[in-house]
Each structure stands twice: as structure tokens, then as C-alpha cells.
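Please load the model in a viewer and keep a selection tool at hand. The stops below are given in the order in which to select them.

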Amino acid sequence: MASTISLVVTVVFLTTFTCANPVSQETSNSDHYHQTNFHRLPPKFHHSVDQNDGAYWRQKAQNTLNQKLSSHDLIGKAKNVIMFLGDGLSIPTLAAARTYLGQSQGHTGEETVLSFEEFPHTGLSKTYCVDSQVADSACSATAYLGGVKANIYTIGVTGNVKLNDCSASLNATNKVTSILKWSQDAGKSTGVVTTTRITHASPAGSYAQVANRDWENDAVVKSSGQDPDKCDDIAEQLINSVPGRNIKVILGGGRKEFIPKNVTDEDGKSGARTDGVNLITKWKSDKSSRGSSSKYVWNREQLLNINPRKTEFVLGLFNSDHLEYHLLANATKEPTLEELTRVAIQVLSQEPKGFFLFVEGGRIDHGHHDTQAHLALDETVEFAKAIQAAVDLTDERNTLIVVTADHAHTLSISGYPTRGNDIFGIAGTSDSDRLPYSTLSYANGPGYKKPLANGSRYNISNDNLADVKYRFPATLPLGSETHAGDDVAVFARGPWSHLYSGTFDQNFIPHVMAYASCVGNGRTSCKPHV
Ligand SMILES: *[C@@H]1O[C@H](CO)[C@@H](O)[C@H](O)[C@H]1NC(C)=O
Ligand SMILES: *[C@@H]1O[C@H](CO)[C@@H](O)[C@H](O)[C@H]1NC(C)=O
Ligand SMILES: *[C@@H]1O[C@H](CO)[C@@H](O)[C@H](O)[C@H]1NC(C)=O
Ligand SMILES: *[C@@H]1O[C@H](CO)[C@@H](O)[C@H](O)[C@H]1NC(C)=O
Ligand SMILES: *[C@@H]1O[C@H](CO)[C@@H](O)[C@H](O)[C@H]1NC(C)=O
Ligand SMILES: [Zn+2]
């Protein structure tokens, strides 16, 4: 007790001393790197007084210790595998998103846990590509779905295929198949779910092989100087080729990639195809010619009315382009990622041999590219809800769930904001120019604020940082904020999830999923000595 009191007295003394002598850093314990005399704003949310007590933290840590000591590694066969991909879900995005979630529930926020942060195993994935220090969603999809690193902007092909090299991509030795295909070959049902166009790079990594990720329809193949009769676009591959045409559940956006220019969709939007082919009609006729029950849906109500026991194939396209951000969407029209995930699992669970499902929270990336951190963090929370739905609908003894990101972004959480400070708020005031700065900022992007005519830094105090579309400040101007080269986290639960520990190359990820579920040509838990 006596030592506690003396410690408190010492802290008070030092604080008073440094405040009274703001320039005498050499004579105080406040160093140049970590000044303790800065002005901090009062928090928006307050932590409980219990947290001032050492017992609170000791108990919390002991609970975690007990939980870890009572858990054991699962080594059975994974009947089902669900891979969740947060596009651009960098490690700083995790802390920012959990704080946002907690604060939206009236808590300080920092202590909040996103659903997948409760998973027992985590590792770090190195995301560089064959020819690029920083990944895009195409080469990274080839790695985390196909198990092979590739060149930037290419999907489902090896590093022998350069960007736009249509003929090299047709060479069989350069093609890379994905765990979705391996799972189909093992008799499992498969599904792809995303909030972006279903032909966008990440989902395309599960079924397409292209020398340019932009080849989402035939018109783009043509405009990049290639022959669409030789190199099929991504939408065409999804509907006409293997494994695309055998995928049981396809849910996302991007209707325009599937219909001709002179045809309008359910929202009155024109298609993008110039080959006159309506791939939605083609999908329907293919399924009925195979004698399969199938449903094409384009809004939330139709999706929720699907009878999973009576529907073998589902194609759901809910927007001409990407699905709208959750915060901006018409909720009666567009389903949430959680709803999409639930329907997918219910339909795929009908297969006794199990399933492989890929689910992408695709617009975290878009929020970051626009430095609209509020949108990016909200999409991350929606992503976490979808993962919770998967946890609720499956059994960890037979279902491996892997959550990861394709690449990072340049978001930073900085300054020394008080505990419970609004995550979208001001962290403090610069000691150089006496102007405020926000907790969230980016290394580059459209949020860049031009200095004033007299050279003074832009004063963000007059901005509405609470606006969900606010563009957070960036150090240098760029039309679109860039990806970042940091490692990304992998969270896993279920059979063999403990193999995702340590730091590894991103292309290791599907090798573990294949090992656990006994698919593919490599070593598996069913055939350990290949
Ligand atoms: C296919 O690609 C491989 C590897 O790049 C190469 O060795 C081979 O010559 C190519 N075949 C043809 C027909 O181009
Ligand atoms: C669209 O154009 C094609 C020819 O390019 C034609 O065959 C088709 O009938 C047209 N469809 C509509 C709805 O106008
Ligand atoms: C939302 O979508 C529904 C169904 O399409 C429509 O009836 C309603 O008018 C839309 N609401 C808004 C605010 O646009
Ligand atoms: C620069 O101009 C702004 C706006 O007129 C003013 O508020 C600010 O004090 C000026 N800064 C300096 C360093 O003169
Ligand atoms: C920044 O703007 C706020 C709000 O208008 C104002 O109170 C403050 O004085 C400004 N700071 C500087 C250094 O001009
Ligand atoms: Zn991106």
C-alpha cells in the first residue's frame, strides 16, 4: 500500500514539473521522443473505474491463460472450409474497426473484440508478388486461392504470364487452379460470395485465369488489344467454364458484366458486353439443361425467400456494379454480407461431402482507396458479422474457417489520444504548427489537404470528421490511396488451424486448407505421405 501511494505521488510530481517547465526537457524525465506535457482532449467515452485497479487486468489475463490452457489442437478432417477475405484489411484497420464498433455501442472501444479475433490461431502472411513489392488483389488472390505467387494484375496464372499476355495465359503449364476447383474435384459443393462485382479480382481468383484483372467482360479484352474469342473474359469463364459453371452459389454484384450493351437490367442499367451474349440467360439454360433446380435472384427479398433444401444452384446479382457500402445502401433492396453468407452456407450444407466457400468483404479496400475511413471501418464490422454467422452455422470440429486479407493499406492510428477518444476524432495539436491532427490518417490519397496560401497547414477543426464520407488527411496527394506492403494477419479456427502460426508466404494459405480438407494434389491429412 505504501509503495502504491509513493508511486502516485511521484507521477503527480513529474507531471506538474514538466507542465510548469515546458521547455526544460533536459532536466525532466520527459524526452524529445515521448513528451508527456502535450494537451489531451477529454474522451468521448469513459472506461470503468475497475480498470484503474491491477486486479482487473490480472484477472483478465488469467482468464485468457485458462482459456488457452484448456484448448487443444483439432486434427480431424475438415469436411467444410470457409475462407473469408477482407480486401485491404490491414492490421491497423483491425484496431480502428474494433474501436469504431465498441464506440458505436457506447463503450470506449479499444477493448472490443471483432468476431474473428476470438479465433484460437493467428499468423502473419507476407503479401509481396512475383514482380511487385506491394500486392494488388489479383496476384494475391492467385496466392491465397491457388497456392502460387504471380505477377501483379494477373489472376490464376504463374509468373510466366506477363500483364496482358493473352497467349501465355492459354498455355496449360502456366495455368493455376484454385482450392475451389480442387474441392469440386473431390465432390464438394462450392460457393463464392462478395460485396464487389463477382468478376472483381478477389472472387475471380477462385475460378478465372486471365492475364489482366480488368478483363471482366469482352469489351475490355478487346480494348486492351486482345481477341475475346481467344482469351475469354472473366464473366464468360464464370458461366461457361470449369470450375465456374459448377459453382453452386454465386452471390455478389456486377450484373453489367453479364449482359449486352443494348439490354438493361432490373434497375434499368445497361450491360457492358459487346458480344451480344446474355450470360444470365445462359446460366439459367445451362442449369435447366442439366436438370438442376436453380434460382436467379437480384434483390434481398428474393434471396431470403430461397429454400436451401430445394435449390441446388443460386446466382444472385444485386447491383449493376459493386454492392453499395452498407452505410449508404438501400437496406430493403441489397442484402448484407451476413445475409449473403447465411444463405450460401445453408445451400452448400446440403452436400454430404462438404463444401468450400469463399466470402469477400470487398469494399473495405474501396473505403481506404478514397481515404473514407468511416466507410472502410464499417465494412470491416459487416465483415466480422458475416464471420460470426459462419461460426454460428458450423461446427469447429469439422469446419475450418480462415480469415485473412489480400494486402494492407496506408491507414495509421496515431498521436496519443485519450482512452475512449472518438476514433474519427482529433488526436491532439501539433507542437510545431499548433494545429490539430486526426487520429486516423493515410500516407497518401485523395484526402490530402493543400496548405493555405501563406504556407500554413490546413486546419481540420472546421471539417466535419463525423461525416461518413469524410476523406481523412493524407500526407501526399494521390487520386486513389495505395495498397501497402505490410504483412497481413491470418485468423483460423477448426481442424488444423494451428498450422497458421508464425510468419509465412501468402501462397501457403490454400495448402493448409487443402491439407485439412483432403483436396488437391499435395500432402493431405488423409494421405500424409504423398
Ligand atoms: C508453355 O509455357 C512453358 C513455361 O513457360 C514453356 O516452357 C513452353 O514452351 C510453353 N509452350 C508453348 C507451346 O508455348
Ligand atoms: C441487341 O443487339 C443484338 C445484335 O447486336 C440483337 O441481336 C438483339 O436483338 C438486341 N437486343 C435487344 C433487346 O435489342
Ligand atoms: C429502396 O428499395 C425499395 C425496393 O426496391 C424501394 O421501394 C424504395 O423506394 C427504396 N428506398 C429508397 C430510399 O430509395
Ligand atoms: C495563414 O492564413 C490563415 C487564414 O487566413 C490564418 O488563419 C493563419 O493564422 C495564417 N498563418 C500564418 C502562419 O500566418
Ligand atoms: C483552427 O480552427 C479552429 C476552429 O475554427 C479555431 O478555433 C482555431 O483557432 C484554428 N487554429 C489555428 C491555429 O488557426
Ligand atoms: Zn485495392
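Select Asn-330 and ligand 3: a polar side-chain atom of Asn-330 lies 2.3 Å from an oxygen atom of the ligand. This is a predicted model, in which local features need pLDDT of at least 70 and side-chain atom pairs pLDDT 80 or more, while totals for chains, interfaces and linings use all residues. Residues are numbered from 1 along each chain as its sequence is written, chains are lettered from A and ligands numbered from 1 in the order written, and side-chain values use heavy atoms, without hydrogens and water.

Centre on His-407, in the loop between β8 (399-405) and β9 (408-409); strands are DSSP E runs of at least two residues, and helices H or I runs of at least four. His-407 is buried at 0% relative accessibility, where buried means under 20% relative accessible area (1.4 Å probe, protein chains only). Its side chain makes a polar contact with that of Asp-87 (3.2 Å); a polar contact within protein is a pair of N or O atoms within 3.5 Å, one able to donate a hydrogen and the other to accept it, and residues adjacent in sequence count only if both atoms are side-chain atoms.

Finally, move to His-369 in helix α13 (residues 364-369), which is buried at 16%.

Notes: Buried < 20%, exposed > 50% of the residue type's maximum accessible area, 1.4 Å probe, protein only.
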